[in-house]
Amino acid sequence: MREKINFGLVTICIFTLSMGVTTLLWSHLETVKVGYRISRLEKRKSYLDEERKALEVEKLSLSDLSRIEKISREKLTMIFPKNEQILFVIVTKQ
């Protein structure tokens, strides 16, 4: 009888120990997975920040007024209107 109790107690101890070890390993693996995901997301954020900065520089260069004026004069053959060519529109509220 005593041998059955000892065997049952040893079995319960081994099972409990194995469940504890499994839980510790699982939590460690999840922590490592989350760490890798954070690392990937930080790299992606860095890449997107660099792309945003490059696009901001491009936006500034494309919206330069002297560049726009040059294009409008040379490619579109636009000129400034003379004073007599300017029409004023008066809008009244009804």
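Start at leucine 25, which is exposed, with a relative accessible area of 51%. That value counts as exposed because the cut-off is over 50%. Keep in mind that this is a predicted model.

**Helix H1.** Select residues 2-62. This is helix H1, and leucine 25 sits in it.

**Whole chain.** Zoom out and colour by secondary structure. How many helices and strands does the protein chain have? Two helices and zero strands. Turn the view along the principal axes. The C-alpha atoms fill a box of roughly 120 × 40 × 15 Å. The radius of gyration of the protein chain is 37 Å, whereas a compact globule of 94 residues would have one near 12 Å.

**Helix H2.** Next, select residues 65-74. This is helix H2, and serine 72 is found in it.

**Serine 72.** Centre on this residue. Is serine 72 buried or exposed? Serine 72 is buried, with a relative accessible area of 16%. The label applies because buried means under 20%.

**Its contacts.** Show Thr77 and Met78. Serine 72 touches both, with residues up to four places away in sequence left out of the count.

**Last view.** Show leucine 25 and serine 72 together. Leucine 25 is exposed at 51%, while serine 72 is buried at 16%.

How values were computed:
Residues numbered from 1 in each chain as written. Predicted model: local features only at pLDDT ≥ 70, side-chain atom pairs only at ≥ 80, totals over all residues. Heavy atoms only, no water. Helix = DSSP H or I, 4+ residues; strand = E, 2+ residues; numbered from the N terminus. Buried < 20%, exposed > 50% of the residue type's maximum accessible area, 1.4 Å probe, protein only. Contact = heavy atoms within 4.5 Å. Rg over C-alpha atoms; globule rule 2.2 N^0.38 Å.
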